[in-house]
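Trainee: I have a protein model open, and I would like to learn how to read it. Where do we start?

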Amino acid sequence: MNANQKLKTYIQQFGPGINKEGIKFIGSEKANNTGYGDGSAVVHDMADFSRDTNLIPKQGMVLDLGSGLGISSIRWVSEGYKATGIEINESLANLSKRITSNLINKGYMKKNKMKVLQGSYFPAEYIDARNEGLTKAPYFEDKMVFKGHESLGLKVLSPEQNNPEIYTQAGTEFSDFDIYYGFLWNTQTPSALEMFSMYSTKPKAIFTGIFPAIGEKELDEMLDTFELVSLNKELGLKKDFKIIAKKENLDNIMKRATL
Ligand SMILES: C[S@@+](CC[C@H](N)C(=O)[O-])C[C@H]1O[C@@H](n2cnc3c(N)ncnc32)[C@H](O)[C@@H]1O
């Protein structure tokens, strides 16, 4: 059994949850509806999907936007990708780093397959543009409290919370990732979509687990605003995750897509 197969078995065996020490997965019950770990169900679907289609690069570097405990990054690694998780919450990021080292030490994951960085995933230029009021996303709330956790929206993301060096630490520019993945809270979604449309060049798809709070109509409006398009309809997908592409790339993507 190679390291990736071991990692998959480990995830299947223990599920996406985590114990208080933050070391071991303990099944999904506790993780359900907390916004942490339940994203792995989306990743499972996504991984199956990426195997069956040419739409998603079969290998490469994934940027995990708001990686939390790192469950989704771990799942991407088990599919043979490299993953960089960026998480702003310090305790989650630290826990996630411990989990990753633990997996490496136990031989479930090869070194250098996954990085976890603490900070904001917004590139410095994006924050500057926002602070100068150059762009304006719809549906953006100051903050949202979700089960006791304060989700960080842009307006509460002060420049001090941003780490302009984050992509230097990552060793990869924002625009150079092959896949953007995020299991985003709805306050994060507009800015993450906008950021994707503004700064990504190479990648053509982003997966986002979107909470039901964002309806199809609102999402359509958002996509329109940022000149993005959801491929779910075109491809007849009824999955929880959304595959989003730039409108300008749509023809090429559809040519490549073989389901
Ligand atoms: C819904 S959780 C998803 C966690 C993880 N990907 C999973 O599937 O379990 C969203 C995460 O995004 C983080 N977050 C919010 N805004 C962020 C930002 N600007 N930069 C980095 N992380 C952020 C939150 O702290 C939270 O951990």
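Trainee: Is Glu-227 buried or exposed?

Mentor: Keep in mind that this is a predicted model. Glu-227 has 11, so it is exposed. Glu-227 sits in the loop between helix H8 (216-225) and strand S8 (228-230). Its phi is positive, near 55 degrees, and it is not a glycine.

Trainee: How many residues does helix H4 have, and what span does it reach?

Mentor: H4 covers residues 90-105, which is 16 residues. From first C-alpha to last, H4 reaches 22 Å, close to the 22 Å expected at 1.5 Å a residue.

Trainee: Which residues of H4 are buried?

Mentor: Start with the general idea. An α-helix has 3.6 residues a turn, so residues three or four places apart point the same way. In H4, the buried ones are Leu-92, Ala-93, Leu-95, Ser-96, Ile-99, Thr-100 and Leu-103. They cover an arc of only 160 degrees around the axis, so they lie on the same side of H4. On the other side, Glu-90, Ser-91 and Asn-105 are exposed.

Trainee: What about the largest nonpolar core, and which members touch the most others?

Mentor: In soluble globular proteins, nonpolar side chains tend to be buried together. Here the largest nonpolar core has 54 residues. Val-62, Leu-65, Val-77, Tyr-180, Tyr-181 and Leu-193 touch the most other members. Take Val-77: leaving out residues up to four places away in sequence, it touches Leu-7, Ala-83, Met-109, Lys-113 and Met-114.

Trainee: Where does Thr-172 lie, and which residues does it touch?

Mentor: Thr-172 is in the loop between helix H6 (166-170) and strand S6 (179-184). Thr-172 is partly exposed, with 16 other C-beta atoms within 10 Å. Not counting residues up to four places away in sequence, Thr-172 touches Met-61, Thr-84, Tyr-167 and Phe-177. Thr-172 and Thr-84 are 88 residues apart in sequence, but 9.3 Å apart in space, C-alpha to C-alpha.

Trainee: What does the protein chain come to overall?

Mentor: It has 10 helices and 9 strands. Buried residues make up 41% of its 259 residues.

Note on methods: Residues are numbered from 1 along each chain as its sequence is written. This is a predicted model: local features need pLDDT of at least 70, side-chain atom pairs count only at pLDDT 80 or more; totals for chains, interfaces and linings use all residues. A nonpolar core is a set of buried Ala, Val, Leu, Ile, Met, Phe, Trp, Tyr and Cys residues joined through C-beta atoms within 7 Å. A residue is buried if 20 or more other C-beta atoms lie within 10 Å of its own, exposed if 12 or fewer, and partly exposed in between; C-beta atoms are placed from the backbone. Two residues are in contact if their C-beta atoms, placed from the backbone, lie within 7 Å. Helices (H or I, at least four residues) and strands (E, at least two) are DSSP runs, numbered from the N terminus. The expected span of a helix is 1.5 Å times one less than its number of residues. The arc is that of the directions from the helix axis to the C-beta atoms.
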